[in-house]
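This report goes through one protein model part by part. Please keep the sequence and the 3D view open while reading.

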Amino acid sequence: EAARLIVGQAKMACDLVQRGEFKKAISLGGGMHHAQRNYGEGFCIYNDVAFCGLYLMKTYELERILILDTDAHAGNGTSNYFYEEPQVLFIDLHQDPRTLYPGTGFAHQIGSGRGKGFTINIPMPVYAGNESYKLAFEAIIEPVTQEFKPQIIIRNGGSDPHFSDGLTRLAMTVGGFR
């Protein structure tokens, strides 16, 4: 029931922004980026992040959607949804997949078919810290975003890159999140 409510509020967030009622909307409790099309994975039953992308393409006919995922874990479910889709640019900044679940999100995984080049994985080394994140944004994320010219940005991120997270080791500070 809680997972369905999260998807419902994600849908509402999409509608509020697309109708021009708000410039930005936050969907609390979301970010279930591990769930696949037909099954849950990684504590995620549904994938609200992928739902937003699909919903915006179908309902509002958007053609250039950026999904920016900065959760410490690679968004394998979201990636799989859009791996062959050129209308969605999926940029995923996460801890080195050799060191953390789900073990995907390597730099060479760039999409396939029509979607080749529309998946950008940026695996960060353990203890990357604020300066590494800043460099990734300045050298990769910002220029690619400017070139793609998204009609909307769906942002998925958690607090798990923080240095005190018990499962991850990315060493970000609160200031680094800015």
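With which side chain does the side chain of H34 make a polar contact? The partner is the side chain of H33, at 3.4 Å. The model described here is a predicted one.

**Around H34**

H34 lies in the loop that runs between helix 1 (2-18) and helix 2. With a relative accessible area of 6%, H34 is buried. Leaving aside residues up to four places away in sequence, H34 touches E41, G42, C44, N47, H73, A74, N76, G77, Y101 and P102.

**The sheet and its helices**

Four strands form an open sheet in the order 3-2-1-4, and their pairing is parallel. At the edges are strand 3 (119-124) and strand 4 (152-156), each of which pairs on one side only. From one strand to the next, the twist averages 10°.

Strand 1 (residues 65-69) is joined to strand 4 by five bridges in the parallel sense. Across from L68 stands R155 of strand 4.

Two helices that pack on this sheet can be described in turn. Helix 2 (residues 48-60) touches strand 1, strand 2 (88-95) and strand 4. The direction of helix 2 makes about 170° with that of strand 4. Helix 4 (residues 129-148) also packs on the sheet, and touches strand 1, strand 2 and strand 3. Between the directions of helix 4 and strand 2 the angle is about 175°.

**Cysteines**

How many disulfides does the count come to? The count is zero. A disulfide is a covalent bond between the sulfur atoms of two cysteines. For C44, the closest cysteine sulfur is that of C52, and because it is 14 Å away it is too far for a bond. C44 is buried, at a relative accessible area of 7%.

C52 is in no disulfide either, although the sulfur of C14, the nearest to it among cysteine sulfurs, is 3.6 Å away. The cut-off for a disulfide is 2.5 Å between the sulfur atoms. C52 also counts as buried, at 9% relative accessibility.

**Aromatic pairs**

The whole structure holds four aromatic pairs. Two of them are set out below.

| Pair | Centre to centre | Angle between planes | Arrangement |
|---|---|---|---|
| F51 and Y55 | 5.4 Å | 15° | stacked |
| F118 and F148 | 6.2 Å | 65° | edge-to-face |

F51 and Y55 are both in helix 2, and because they are four residues apart there, about one helical turn separates them. Is F51 buried or partly exposed? F51 counts as partly exposed, at 25% relative accessibility, whereas Y55 is buried, with a relative accessible area of 13%. Together with Y60, F51 and Y55 make up one aromatic cluster.

The pair of F118 and F148 links distant parts of the chain. F118 belongs to the loop between strand 2 and strand 3, while F148 is in helix 4, and the two are 30 residues apart. F118 is partly exposed, with 26% relative accessibility. F148 counts as buried, with 11% relative accessibility.

Technical notes
Residues are numbered from 1 along each chain as its sequence is written. This is a predicted model: local features need pLDDT of at least 70, side-chain atom pairs count only at pLDDT 80 or more; totals for chains, interfaces and linings use all residues. Side-chain values use heavy atoms; hydrogens and water are left out. Two strands pair if DSSP finds at least two bridges between them. Axes are lines fitted to C-alpha atoms, for helices over the stretch in contact, and angles run from 0 to 180 degrees between N-to-C directions. Contact means heavy atoms within 4.5 Å. Buried means under 20% relative accessible area, exposed over 50%, partly exposed in between (1.4 Å probe, protein chains only). Rings of Phe, Tyr and Trp (its six-membered ring) pair if their centres lie within 6.5 Å; planes under 30 degrees apart count as stacked, over 60 as edge-to-face and the rest as tilted. A polar contact is a pair of N or O atoms within 3.5 Å; within protein, one must be able to donate a hydrogen and the other to accept it, and residues adjacent in sequence count only if both atoms are side-chain atoms.
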